Amino acid sequence: MSDQNFLSILTGSFSTPCGDNPTVAMIEAGYKKAGLNARYINCNVPAENLKDAIKGAVAMGWAGFNCSIPHKVAILEHLDDVAESARIIGAVNCTSIKDGRLTGHNTDGKGFLASLKTVTDPKGKNLLLLGAGGAARAIAVETALAGAKTLTIINRDPKKAETIAKIVNDNTDCKATAGKWEGDYSIGEDIDIAINATPIGLGDAEALPPIALDTLRKGLIVADVIPNPPKTRLLREADSKGCTTLDGLGMLVNQGQIGVEIWLNKTLDFDVMTKTLKDIFG
Ligand code: NDP
């Protein structure tokens, strides 16, 4: 008998549409480099099939899966446990399966935080968030739990910013305030870290969130959630003013790495995963 093992560890993703999601390439490159007999299957799962997809994953002994649009909130009712930050955010994008029990996590904010920590610790810092969608909510909760002193959240629709500020104020020691985003926003001198959490710049290297460029200053950290192109116009403008900049590619790779740590307790190679995405994005 051969002592080879032809049974792979199974992980993957449930979302729709999903044909343009490159996470499978990034994670499988990491698995290969680590010599792991593991697969990441990108599954097209419409909303009405989520329950059956989860049952299938449990039945087949999957270690865990990511989920994206449209499942991040709907999945909550199918879980046995929800990690603290995912509970506060109210959305799950990563689920682990252990002994048949499903535990939900949110790695969006954790991926951002890991990336941010390569340049600074948000503890005691004043943060500005541009945008109040799902990414902003995850970043707000995770940085607040990590000890951010204040969060200023601005959005075209101020109600969404107010909702996030309330979540942060109700669940953490961080003091969050919300405002309406009108015209070119001036970044206050008290702000240590400014974050673009809108889709402005995605697939458009010249798009720029409406901010007063003369308020970008040396010493300010400017982060973007946009992974493609990684060097957005916002980051190029910030570089030219002497700011420290962080791209959304790092956030995306960290997020993938953290998911695999949750499922398999293994840390995949950051550089291999980054190079894989860079090659795909061109
Ligand atoms: P949502 O649709 O949930 O939220 C989008 C937010 O951006 C809203 O607050 C919206 O404002 C605001 N917005 C959109 N267009 C404009 C505009 N032209 N001017 C001002 N504000 C605008 O999206 P997500 O939060 O899920 O995603 C946002 C971005 O984050 C996406 O591009 C996504 O690719 C990226 N992302 C990156 C990740 C990574 O790992 N790098 C992980 C997750 C997301 P309003 O409410 O007024 O409409």
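Modeller: Helices here are DSSP runs of H or I with at least four residues, and strands are runs of E with at least two. The model is predicted.

Colleague: On that basis, how many helices and strands does the protein have?

Modeller: Nine helices and twelve strands.

Colleague: How do I read a sheet, and in what order do the six strands of the open sheet stand?

Modeller: Strands of a sheet pair through backbone hydrogen bonds, either parallel or antiparallel. Here the order is β9-β8-β7-β10-β11-β12, with parallel pairing. β9 (175-180) and β12 (244-246) each have a single partner strand, so one side of each lacks a neighbour in the sheet. On average, neighbouring strands are turned by 15 degrees against each other, direction ignored.

Colleague: How many bridges join β11 to β12?

Modeller: Three, between strands that run parallel. Ala-223 has Leu-246 in β12 as its bridge partner.

Colleague: Which strands does helix α7 touch?

Modeller: Helix α7 (residues 233-240) packs on the sheet and touches β10 (193-196), β11 and β12. Its direction makes about 165 degrees with that of β11. Helix α6 (residues 158-171) lies across β8 (150-155) and β9, at about 175 degrees to β9.

Colleague: What radius of gyration does the protein have, against that of a compact globule?

Modeller: The protein has 19 Å; a compact globule of 282 residues would be near 19 Å, so the two agree. Buried residues make up 46% of the 282.

Colleague: Which residues does the UniProt domain annotation cover?

Modeller: The unreviewed UniProt entry assigns "Shikimate dehydrogenase substrate binding N-terminal" to residues 25-94. That span is 37% helix and 20% strand, and its end C-alpha atoms lie 17 Å apart.

Terms used: Residues are numbered from 1 along each chain as its sequence is written. This is a predicted model: local features need pLDDT of at least 70, side-chain atom pairs count only at pLDDT 80 or more; totals for chains, interfaces and linings use all residues. Two strands pair if DSSP finds at least two bridges between them. Axes are lines fitted to C-alpha atoms, for helices over the stretch in contact, and angles run from 0 to 180 degrees between N-to-C directions. Two residues are in contact if their C-beta atoms, placed from the backbone, lie within 7 Å. UniProt positions are given in the numbering used here, feature names are shortened, and annotations may be inferred rather than shown by experiment. The radius of gyration is taken over C-alpha atoms; the globule rule is 2.2 Å times the number of residues to the power 0.38. A residue is buried if 20 or more other C-beta atoms lie within 10 Å of its own, exposed if 12 or fewer, and partly exposed in between; C-beta atoms are placed from the backbone.
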